[in-house]
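I opened this entry to note what I looked up in the structure, one topic at a time.

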Amino acid sequence: MKKRRSLLLLTGIFFTAVIVVFFTNGVQGVEEVTSDSPLMRADVITIDALKSLGDLEQPPVVFLHDLHTDAVEKQNKDCSACHLSEENRQSPKFKRLKDTSRQQVMDIYHLDCMQCHREVLKAGEKAGPVEKCGECHQGQPKAVSDKELIVFDKSLHFRHTEAAKDKCETCHHQYDEVAKKLFHAKGKEGSCLYCHKQQTEENRISKRLASHLSCIQCHRETLATNKKMPQAKDQKAGPIKCSGCHAEQQLQLIKRIKDVPRMKRNQPDVVLIQAVMPDVKRPKTAPTILMSPVPFDHKSHEKYNDTCRVCHHADLNTCSSCHSVAGKKEGNYVRSEQAMHQLDSDRSCLGCHGSRQSKSSCAGCHASIPIESKQQTSYCVQCHNKQPQRSTANLKPEQLARMMLKSRTAMTDTYRDKDIPETITIKDLSNKYDPVYFPHRRIVRRLVTEIKNDKLAQYFHSQKGTICQACHHNSPATKKPPRCYSCHGKPFNEAELLRPGMKGAYHQQCFGCHQQMGIKKPDSLNCVECHKEQKK
Amino acid sequence: MSVSRRKFLGWLTAAGLSGSAFGKVAHAATTKHFEGHPDSLGVLYDNTKCIGCRTCEAACNNVNDLPPPDRPFDDLSVLDNKRRTDPKKYMVINKYAGSVNVKTPLFARTGCNHCLEPACASSCFVRAYTKTESGAVTYDSSVCVGCRYCMLACPFNIPTFEYDAAFTPRIRKCTMCYDTRLVKGELPGCVEACPSESFTFGKRTDLLRIARERIRRYPGRYLDHIYGENEMGGTSWLYLSGVPFRKIGMREDLGITPAPQFTSSALAAVPMVVGTWPLLLMGIYAMSKRKDKIAKEEKEQALAEVTAQVKAEADQKVSEAWKKASQEKEKAIEAAVKQALEAAADVETEENS
């Protein structure tokens, strides 16, 4: 009996101990001590140069470039303190021109980095790590990159052309395969990104290397020249530090020219876009025209976009040079129809126009218009204008395009005030609220004001009643459009599955438009702003 | 009685073999995919239209005669905390942060989804839950025993228990206004009250069609998934959202197997086990017992025979011995008599001489 009792006691103690340990586990804080969230910096470079020479044994090094640029500047040194030059070209690598062997590259980094740090420490300043591996090879990086990519838009380009005094050859070059040299082809300048891609290819450096080597070198040279000329002391050059181009705050500070003068690249003012099919058997004869041509105002479109690359995504040629009617290899077999009409692309005509509709001044109406890829003929004709009556056989395409563009009309206004009811009293549903006194005319006038400066809207809203179709939808554009109750009645009608009932229709239309346009007052959640509560 | 190991293992094998023989039948109940009663009704909740005004909650409270809430329904600060259903709130609206595409906050409705094959009904052993033909899952408190298995079973954690009512607690959940509205041909309270028609009511098949058409027309606005179309075998309450459903607090890990299917094979085996195993095992036991009995009887009989035989032999021996003994006795008497006579004769002769 004695043996049994002691066993029971032991078991009891054991269980209690387990429960206590289980519940007090969290008290000790077994988790790692969480460090502060990493710093967000634009100058973070991850040094993993040894990756190309084998597997990495340590985590890549987190290197803050601007920090070092500042430190080097303090010592009155410049980039050559770390970057060697070859033939006047600076190597972006650290203290070497080429990656030779694993041991050599490692030694360069270890010895040179730490030596400099030791020297700085000796001078009594703060410096980087000198011996502990983990301080550079951070497993959990203490700084994380929040680099923004800078867009070299037309404003920046203009500032550069001014600084370079319109000498395009300063930056633009092309590569001669035969002579294996760079040369400047006048009149054929294009975007850097047409050739310099994401990765370095055989003979072609990546866009990252290209932009850093060319841009920063030029900026440095300009700064050096400015320093020598006392009168040009105030003249600034572009950034040479990472944050200058890549930190969000600095990007905001870059001066933007509002009305950039037109780039001088011999671009056309108007273009006649025609889908043609050449006669292979008789190449000398005029090709068959497949569809009414589209007169394209190239000059105006230049104003609407920040870069040429938005449309000219591969080179500064005509679209049809790569995108033929049936598609060809140069255009990745994208047919001209797709190139112009594809709705989800940001460089097709329809795609770009579609994305304009998501602006807040347009989205109030356009967000609720379903995306239909098949359009009615009346929609096609707005771009593919009929050729004018006069004999046009002898006209050059450009002249014809100009004529057709001139004959286009813009709808800037809608019906007269007396045709637009001032207020509409909506009392069909009241049982809890008073009727709504809907300020109809004011809203119509507001919509008209929103499209006052929008040429796109003014052209495509081809009729006076088009703007009414925002709310008076699914019906033709007329002076007397149907009332809401003509179509919206009791909800959940099996014959009209997608049609909301009257209450839902009113609220969905009103809430939807207000939300898309960013209208804060009236607030959807504050019912009495639109209809007062009924006094019982 | 003590059972030998061999016997026990023998019984076990017999039972197991009989089980596997019937095993295939157990799945018969789950090979069909139940898509709902024909013309069953449902509700489609469209998250992109909901503005979080809580009018639906107020209507639910009103229609079901629930007690007034602690904070009024137009107090939208209630949405700052995540709530779940409770006996006084059959349906709650919760607020979630907006996403990259949608700057305004998002809302989601939580309440009974009226599954096509409800887990609650499947777990209830007193049949308190009924999946009605209209699609609503209703609850009968008169038969409920308060075991709360349904609360465990529901994958959406919906049935709530009246813990405060100690003697007559009931399970409370959304009934799709079955008794109060649907049987009268009216719309459920929340559906009727919503100002922006975020709830669409109708036949489940029609709702699926509406949902697909909305997704087709506004691909940028909706996620291409109708929640409830297949989740847990399908629910009557369907959801459309502009963001992934986990961002609005809805479980994405439920799978498409209806809840009853998880247990139907085990449950279907119960009648078989209860029916055949006792008979089988009792039969084996009876047979083996009888076998023992017969063996015993035979043994006794054999024993009896041998005993009788031995006894007969013994008797015979005894009687022979007795006979022999008596014969010898007679002989001895005769001899003695003869001797006596001779002796007497001798004496006589002697006297005569």
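**Chain A: domains**

I began with the division of chain A, which has domain 1 (39–145), domain 2 (154–253), domain 3 (270–406) and domain 4 (417–529). I noted at the start that this is a predicted model.

Next I looked up domain 3 and domain 4 of chain A, whose C-alpha centres lie 33 Å apart. Their contact takes eleven residues from domain 3 of chain A and eleven residues from domain 4 of chain A. On the side of domain 3 of chain A that touches domain 4 of chain A, the elements that give two or more residues are α12 (349–356) and α13 (360–366) of chain A. The largest share of that side comes from α13(A), with six residues. I sorted this side of domain 3 of chain A by class and wrote down four nonpolar, six polar and one charged residues.

**Chain A: overall form**

I looked up the secondary structure of chain A and found 18 helices and 14 strands. How does the radius of gyration of chain A stand against that of a compact globule of 536 residues? The globule would have a value near 24 Å, but chain A has 34 Å. Along the principal axes, the C-alpha atoms of chain A fill a box of roughly 100 × 85 × 60 Å. I then checked burial, and 10% of the 536 residues of chain A count as buried. I also looked at the contacts in chain A with a separation of 6 or more, and residues 24 or more positions apart account for 47% of them.

**Chain A: single residues**

I looked up A:Glu422 and found its place in the loop between α15 (397–406) and β13 (424–426) of chain A. Is A:Glu422 buried, exposed or partly exposed? A:Glu422 has 13 other C-beta atoms within 10 Å, so it is partly exposed. Leaving out residues up to four places away in sequence, A:Glu422 touches A:His440 and A:Arg441. A:Asp434 is twelve residues from A:Glu422 along the chain, and their C-alpha atoms are separated by 19 Å.

Then I turned to the backbone. Most residues other than glycine have a negative phi, and most peptide bonds are trans. I noted exceptions.

- A:Asn76 has a positive phi near 60 degrees. A:Asn76 lies in the loop between α3 (65–74) and β4 (85–86) of chain A. A:Asn76 has 7 other C-beta atoms within 10 Å and is therefore exposed.
- A:Asn474 is not a glycine, yet has a positive phi of about 50 degrees. I found A:Asn474 in the loop between α17 (455–460) and α18 of chain A. A:Asn474 counts as exposed because it has 8 C-beta neighbours inside 10 Å.
- The peptide bond from A:Lys521 to A:Pro522 is cis, with omega near 10 degrees. A:Pro522 is in the segment after α18 (502–517) of chain A.

**Chain B: domains and sheet**

I moved to chain B, which is divided into domain 1 (1–31 + 264–353) and domain 2 (35–257). The C-alpha centres of domain 1 of chain B and domain 2 of chain B lie 77 Å apart.

In chain B I followed an open sheet of three strands, in the order β8-β1-β9 with mixed pairing. Why is one side of β8 and of β9 (237–240) of chain B left without a neighbour in the sheet? Both stand at the edges and each has a single partner strand, so one side of each has no neighbour there. On average, neighbouring strands of this sheet are turned by 25 degrees against each other, direction ignored. I looked up the helix that packs on the sheet: α6(B) touches β1, β8 and β9 of chain B, and its direction makes about 130 degrees with that of β8(B). Strand β1 (residues 41–46) of chain B runs parallel to β9(B), and four bridges join them. B:Asp46 stands opposite B:Leu240 in β9(B).

**Chain B: helix α2**

I listed the buried residues of helix α2 (residues 55–63) of chain B, among them B:Cys56, B:Ala59 and B:Cys60. The buried residues of α2(B) pack against β2 (92–96) and α5 (189–193) of chain B. Just after α2(B), B:Asp65 has a positive phi of about 55 degrees.

**Between the chains**

Last I looked up the contact between the chains, which takes 18 residues from chain B and 17 residues from chain A. On the side of chain B that touches chain A, β8 (199–203) and α6 (204–217) of chain B are the elements that give two or more residues. The most come from α6(B), with five residues. By class, I counted eight nonpolar, four polar and six charged residues on that side of chain B.

Notes. Residues are numbered from 1 along each chain as its sequence is written. Chains are lettered from A and ligands numbered from 1 in the order in which they are written. This is a predicted model: local features need pLDDT of at least 70, side-chain atom pairs count only at pLDDT 80 or more; totals for chains, interfaces and linings use all residues. Two residues are in contact if their C-beta atoms, placed from the backbone, lie within 7 Å. Ala, Val, Leu, Ile, Met, Phe, Trp, Tyr, Cys and Pro count as nonpolar, Asp, Glu, Lys and Arg as charged, and the others, Gly among them, as polar. Domain bounds come from an automatic or database domain assignment. Two strands pair if DSSP finds at least two bridges between them. Axes are lines fitted to C-alpha atoms, for helices over the stretch in contact, and angles run from 0 to 180 degrees between N-to-C directions. The radius of gyration is taken over C-alpha atoms; the globule rule is 2.2 Å times the number of residues to the power 0.38. A residue is buried if 20 or more other C-beta atoms lie within 10 Å of its own, exposed if 12 or fewer, and partly exposed in between; C-beta atoms are placed from the backbone.
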